Amino acid sequence: MSEMLDVVIIGGGLVGGLTALLLAQGGVQATVLDAAPILDEAKVLAVANPRVLALSHATLHLLKTVGVWDKVARHMPYTGMQVWNKNGYGEIMFGHESAVWPTAEQWLGSMVEPSILNLAIQEQMLQQVQDYRTQVKVIRVEQILQGWKIQLADGTQLQAKLVIGADGANSFVREQALIGLDVLDYQQAAISCAIKTVQPHVHVARQIFLPTGPLAYLPMASLNAAEQGYWQSIVWTLPDDYAEEYSQLDDTQFKHLLTQASHHMLGEVLEVTSRAQFPLKARSAQLYVKPGLALVGDAAHVIHPLAGQGVNIGCLDAAVLCDVLLHDLQRGVWAHEQTLQRYAHRRKGQNEAMMHSMSAIGSIEATEFSPFIWARNFGLQQVNQSALLKDAFMAQASGLQALHGTRYAA
């Protein structure tokens, strides 16, 4: 049996990697167990991922703090967000269009392919994390008197005072810790793909609410410089039966359908690549922490993709957890139960409020009940006409408020 480690992070993706890098910056070296292999940079950069992550100001700030953002090879900033109803007059426009590459001060955030972000995170971990292990399979996580024992498929056994589960929606750590999961099945699926349109996106993220669910056009970087500005990643939320039907269409039929459904918001859809379909379910771990164990990111919560906030609240989990751990370390305490409970208290309520608000918005937008339709449209118009309300929405969406009071406040 090996020595007792201070912290083992299971999961080396965005949230797990960010947690390890924030701890390393604070003088704590974590052992990171990553199921993924070392990425081939040339292969990753040569392929455009059809999905993008909408990174908020807070997430960008955290990535810059740990030196990851400078390693992101490809991204597409957005300076505006437009949201409207197909069957109504309500519309909101945040920010503005930008026909040229915007300055950083103009960004509302940036769209990054997960593969590109994972490459940057991994490169920084290889430089900053002393015990970063790839292609590792964890087969058992067991509570012991002084912490947790982790058994690997190759027979290796580790002991840790603190285990951080950052291993995704189907978290093995959560399962092994016997933490229950509340699941809300939306009876919906999302179709994602990359599309090229006749008109450029001018750095604006767009979302139209259709009777079947929201359709989002998210600006993405192109591998071809001549086509830069004309490619979008889409997320189309649909009832399960519609999603199944639309997924069976050939590319020509799907392009025509998408052009019509979007009300030609960027003209005709010219190309479509890499269509995929995935079910939509909200998930919330009943506990974020146990003695000597904490869950972060999708291991703790999965929300509706309506506002694209899932990845951002996961990064906020990492920041708050690292802040409370490093704060107590300065007092000679490590991973005390009260410290972990402070993390859970600060994050669980906020995350569940976000989850329920996204569910409620989705329900209201899908309704055909006339009073709700009127209220929905009237509400959008009132927000759009009020600079104060728009600023409040943008401040919330930036995520920066959640960093107030931490060492990572921007």
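In the predicted model, the accessible surface of the chain comes to about 17900 Å². Carbon and sulfur atoms account for 53% of this surface. Of the 410 residues in the chain, 52% are buried. The secondary structure consists of 11 helices and 19 strands. When contacts between residues at least 6 apart in sequence are considered, 75% of them join residues at least 24 apart.

Strand S1 spans residues 4-10. Five of its seven residues are buried, so strand S1 is largely enclosed by the rest of the structure. Strand S1 pairs with two other strands, S11 and S2. Strand S11, which covers residues 157-165, runs parallel to S1 and is joined to it by six bridges. Within this pairing, Ile10 has Gly165 of S11 as its bridge partner. Strand S2, formed by residues 31-33, is also parallel to S1, and three bridges connect the two. In this second pairing, Val32 of S2 stands opposite Ile9.

Helix H3 comprises residues 57-65. Its buried residues include Ala58, Thr59 and Leu60, and Leu62 and Leu63 are buried as well. After helix H3 comes Gly67, which has a positive phi, near 80°.

A further site examined was His201, which lies in the loop between strands S12 and S13. Strand S12 covers residues 181-197, and strand S13 covers residues 204-210. The relative accessible area of His201 is 1%, and a residue is classed as buried under 20%; His201 is therefore buried. Leaving aside residues up to four places away in sequence, His201 touches Met76, Arg206, Pro219, Met220, Gly229, Tyr230, Trp231, Gln232 and Leu266. One of these residues, Arg206, falls within the range of strand S13.

Key: Residues numbered from 1 in each chain as written. Predicted model: local features only at pLDDT ≥ 70, side-chain atom pairs only at ≥ 80, totals over all residues. Heavy atoms only, no water. Buried < 20%, exposed > 50% of the residue type's maximum accessible area, 1.4 Å probe, protein only. Helix = DSSP H or I, 4+ residues; strand = E, 2+ residues; numbered from the N terminus. Pairing = 2+ DSSP bridges. Contact = heavy atoms within 4.5 Å. Areas by Shrake-Rupley, 256 points an atom, 1.4 Å probe, with all protein chains shown as cover.
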